[in-house]
Amino acid sequence: MKKIVFLSVLLAAPLLSSCKKNAEQNAVCADLVIYTPHSEAKTKAVIREFRQRTNLRVQVVYGGTSELLLRLKTNENARADVFWGGGIESLEAENALFAPYDSPQKSALETDYGARWLPFSLMTMVIVYNGELVPQDRAPQRWQDLAKPYFKKRIFIPNPAKSGSAYSILNAILQTGYPAENWALLGAIKSQASDAGLAESAPSVHKAVASGEYFVGFTSEDAALSYREEHGESSLAIVYPADGTIIVPDGIALINGAEHRENAERFIDFALSKTVQTYIAQTWHRRSVRTDVAPSENLKRKSEMVLLPYDIFSSAARRDFVLAEWDSLD
């Protein structure tokens with residue numbers, strides 16, 4: 001019932017900004033500018049609720065994580081206050097762009113990373129395959145199964161240079177108990193990939209797998225579940241690798257030199273509130289970063305997964321190296 005009431009309020013909320021120019025000009029007449037790689041379909045309800053509560057004019061600029069971070073680094077007129085979402089390794093690698101913010105919501109968070117960003121939600125990395133095309137005895141159970149000849153040219157994977165979840169998955173595979181063969185395994189998986197090349201984004205992976213264009217791919221748990229629910233795609237099967245996977249946060253951060261710092265802090269507090277965290281757990285299929293918000297019932301329990309330790313800061317520090325090594329794989 002709470003979910004229904006929450007959404008009805010959101011849909012009734014007025015769009016307060018009257019700016020109709022391009023993204024950079026819009027920032028001039030906004031009270032808050034948010035950069036986000038989250039989709040508009042996901043963020044719209046949260047933004048409308050925030051507008052309803054605060055009467056602030058909010059401008060949202062959408063794009064890929066790498067694209068938005070590059071814009072912040074190179075465009076002095078970028079005018080942004082909050083970075084909402086994105087692979088945490090990417091945010092940590094560019095942490096000079098952000099200002100520390102000690103949100104009053106921190107005490108309710110599961111983990112304090114002591115960084116210039118705060119965790120917003122938790123994502124589990126998974127394999128997806130088409131259950132109508134792949135026989136049960138050939139269904140992948142481990143990352144290493146993706147290197148089997150059966151999947152040659154039938155794999156579609158996102159570009160880790162553009163997809164935060166794909167970069168996290170590379171690091172998961174590098175830690176799955178193949179000390180001498182981990183890079184060789186990545187090379188074998190990459191060589192199996194479609195002749196069409198790497199996907200520009202994770203969402204195109206589960207769409208292509210569900211449609212039968214490809215047999216298998218990898219993505220995040222929440223993205224696969226959301227697509228399956230929205231499109232009624234029962235053919236999209238989800239595998240939690242038996243050789244281990246990772247659960248990693250995406251982030252939310254106050255941008256250094258934010259013109260609307262006070263409003264930015266209000267939005268960060270709102271995004272981390274129990275209200276929003278409960279909403280994303282119910283509708284985004286994300287795991288909350290709060291200790292007082294239970295995961296959705298359709299999510300696999302952590303106790304039923306093989307979870308690997310994951311050093312976010314090390315993975316962020318070696319990002320350029322990992323991506324260069326990935327590019328060099330044949």
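User: Where is the place of Ser90?

Analyst: Ser90 sits in helix α5, which spans residues 88–93. Helices (H or I, at least four residues) and strands (E, at least two) are DSSP runs, numbered from the N terminus. The model is predicted, so local features need pLDDT of at least 70 and side-chain atom pairs count only at pLDDT 80 or more, while totals for chains, interfaces and linings use all residues. Residues are numbered from 1 along each chain as its sequence is written, and side-chain values use heavy atoms, with hydrogens and water left out.

User: Is Ser90 buried or exposed?

Analyst: Buried means under 20% relative accessible area, exposed over 50%, and partly exposed in between (1.4 Å probe, protein chains only). Ser90 has a relative accessible area of 5%, so Ser90 is buried.

User: Which residues is Ser90 in contact with, leaving aside its neighbours within four places in sequence?

Analyst: Contact means heavy atoms within 4.5 Å. With those neighbours set aside, Ser90 touches Thr65, Leu69 and Arg319.

User: How does one read empty space in a model?

Analyst: Rolling a probe the size of a water molecule over the atoms shows where empty space is left. On a 1 Å grid over the protein atoms alone, a cavity is a set of points where a 1.4 Å probe fits but cannot get out; a pocket is an open set with protein on both sides within 12 Å along at least five of seven lines; lining residues have an atom within 4 Å of a point. Grid points are joined across faces, edges and corners, and a volume is the space filled by probe spheres set on the points.

User: What volume does the largest pocket have, and which residues lie nearest its centre?

Analyst: The volume of the largest pocket is about 900 Å³. Its lining has 32 residues, with Pro37, Ser39, Lys42, Pro203 and Ala223 nearest the centre. Elements giving two or more residues to this lining include α3 (40–54), β3 (82–87) and α9 (221–231). The largest share, 7 residues, comes from α9. Within α9, the buried residues are Glu221, Asp222, Ala223, Ala224, Leu225, Ser226 and Tyr227. Just after α9, Gly232 has a positive phi of about 60 degrees.

User: How do the residues of that lining divide?

Analyst: Ala, Val, Leu, Ile, Met, Phe, Trp, Tyr, Cys and Pro count as nonpolar, Asp, Glu, Lys and Arg as charged, and the others, Gly among them, as polar. For the largest pocket the division is 9 nonpolar, 15 polar and 8 charged.

User: How many cavities of 30 Å³ or more does a search of the whole structure find?

Analyst: The search finds 2. The largest cavity holds about 50 Å³ of space. Its lining includes Ala99, Tyr101, Trp117 and Ile268. Strand β9 (residues 247–255) gives the largest share of that lining, 3 residues. By class, the lining has 9 nonpolar, no polar and 1 charged residues.

User: What lines the second largest cavity?

Analyst: Among the residues lining the second largest cavity are Gly87, Glu89, Met123, Ser168 and Pro249. About 30 Å³ of space lies in this cavity. Helix α6 gives the most to its lining, with 3 residues. The lining divides into 5 nonpolar, 4 polar and 1 charged.

User: What does the largest nonpolar core contain?

Analyst: In soluble globular proteins, nonpolar side chains tend to be buried together. A nonpolar core is a set of buried Ala, Val, Leu, Ile, Met, Phe, Trp, Tyr and Cys residues joined through side-chain atoms within 4.5 Å. The largest one has 53 residues, and those with the most contacts inside it are Tyr35, Leu72, Phe83, Phe98, Leu146 and Val216. α6 gives the most to this core, with 6 residues. Another core, of 31 residues, lies apart from it and includes Val46, Ile47, Val82 and Leu272.

User: How many aromatic pairs does the search find?

Analyst: A pair of aromatic rings is described by the distance of the centres and the angle of the planes. Rings of Phe, Tyr and Trp (its six-membered ring) pair if their centres lie within 6.5 Å; planes under 30 degrees apart count as stacked, over 60 as edge-to-face and the rest as tilted. The whole structure has 14 aromatic pairs. Trp117 and Phe313 are stacked, because their ring centres are 6.2 Å apart and their planes at 25 degrees. Trp117 is in the loop between β4 (98–99) and β5 and Phe313 in helix α12 (residues 312–317), so the pair ties together parts 196 residues apart in sequence.
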